[in-house]
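Here is a short note for a first look at this structure. Please read it with the model open beside you.

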Amino acid sequence: MSLSRGARPERTAAAEAFYDPAEASKYEASARMGKTQRHLAERALHLLDIRQPGAMLLDLGCGTGFSGAPLERAGHVWIGLDVSEGMLKAARVPTRRRDVLCADIGAPLWIRKRIVDGAVSISAVQWLCHATKAGHDPAKRVRQFFRGLKAVLVPGARAVLQVYPEQQSDMMLLRDKAVEAGFTGSLVVDYPRSERSKKLFLVLIAPAAAPPAAAAKPGGGARQRGGGKGVRRAPALSGGRGGVAKGKGRRGEGRGGGGRGGGGSGDARRRPKGQNVERGDRPL
């Protein structure tokens with residue numbers, strides 16, 4: 001489906017209608033889109049903070065599999081969910097360490113509970129903030145999304161959601177429903193002083209498992225245990241309410257927008273890994 005310049009796909013049609021076979025084919029063939037999505041996924045993987053290979057990861061809104069490629073290169077196995085069969089057709093590669101399913105992330109997730117060591121989502125979750133079909137209630141769908149995400153994550157695991165909210169109320173809706181579901185964490189903003197290059201990552205930490213009553217020690221609680229092989233559990237990210245500078249940021253090219261890979265490819269292409277990124281962290 002064609003998109004006029006400056007328009008957001010979320011305002012055009014439901015995701016499965018917008019990403020029809022023709023649009024999915026064009027998306028898969030775009031070298032710029034692939035490079036942008038892969039670099040955003042690399043940044044999300046860094047924020048996920050999994051130190052050892054072999055984790056089971058979930059890619060929410062995986063599209064054609066661009067964002068899953070960095071997960072594979074890091075030695076992880078991943079499950080991808082997307083509502084567009086046209087996009088998933090390109091993502092299905094039997095020889096890769098992946099499995100993809102056609103699913104609406106705003107509906108219940110039919111995945112076993114507590115088996116996922118971490119989750120990422122690139123340029124997809126903001127779709128839930130829009131009623132793209134008759135009967136869609138954004139607040140209910142966002143609530144269901146975070147409930148389902150919490151259910152499939154092992155206790156203490158992280159989820160990193162890169163989003164392009166259209167307005168502040170969309171970001172607040174995502175934040176409020178994440179907290180309501182029991183997540184802690186922070187909003188990490190790369191290049192916070194540049195409207196052209198700014199990227200938002202909602203970094204969430206699932207609730208840790210409550211220790212069994214019999215294991216509690218006098219004078220203190222039992223030591224909490226996180227699940228997932230090779231996954232480093234960490235407390236909620238912290239940071240001042242102002243921006244926290246981590247090295248010198250570089251401004252990219254192109255303006256951020258909605259949909260998948262809506263940000264310009266320039267900033268994603270040159271974004272350095274690790275801490276050499278100007279960023280602002282705001283606790284939830």
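How many salt bridges does a search of the whole structure find? The count is 8. The model is a predicted one. The points below take up some of these pairs, then turn to the cysteines.

1. **Asp104 and Arg141.** Start with this pair. Their side chains form a salt bridge, with N and O 2.9 Å apart. The two residues come from distant parts of the chain, 37 residues apart. Asp104 sits in the loop between β3 (98–102) and β4 (116–122). Arg141 belongs to helix α6 (residues 138–152).

2. **Setting of that pair.** Are the two partners buried or exposed? Asp104 is partly exposed, at 27% relative accessibility. Arg141 is buried, at 13%. The cut-off for buried is under 20% relative accessible area.

3. **Glu180 and Arg143.** Here is another salt bridge, and its closest N and O atoms are 3.0 Å apart. Glu180 is in helix α7 (residues 168–180) and Arg143 is in helix α6, so this contact ties together parts 37 residues apart in sequence. Both partners are partly exposed: Glu180 has a relative accessible area of 46%, and Arg143 has a relative accessibility of 23%.

4. **Glu180 and Lys177.** Glu180 also forms a salt bridge with Lys177, at 3.4 Å from N to O. What separates these two along helix α7? They are 3 residues apart, which is about one helical turn. Lys177 is buried, with 12% relative accessibility.

5. **The network.** Arg143, Lys177 and Glu180 are linked in a network of salt bridges. Glu180 takes part in both pairs described above, with Arg143 and with Lys177. As background, side chains of opposite charge can pair when their charged atoms come close.

6. **Disulfides.** How many disulfides does the structure hold? There are 0. Take Cys62 as a case. A disulfide needs the two sulfur atoms within 2.5 Å.

7. Cys62 is buried, at 4% relative accessibility. Cys129 also counts as buried, at 10%.

Notes. Residues numbered from 1 in each chain as written. Predicted model: local features only at pLDDT ≥ 70, side-chain atom pairs only at ≥ 80, totals over all residues. Heavy atoms only, no water. Buried < 20%, exposed > 50% of the residue type's maximum accessible area, 1.4 Å probe, protein only. Salt bridge = Lys/Arg side-chain N within 4 Å of Asp/Glu carboxyl O. Helix = DSSP H or I, 4+ residues; strand = E, 2+ residues; numbered from the N terminus.
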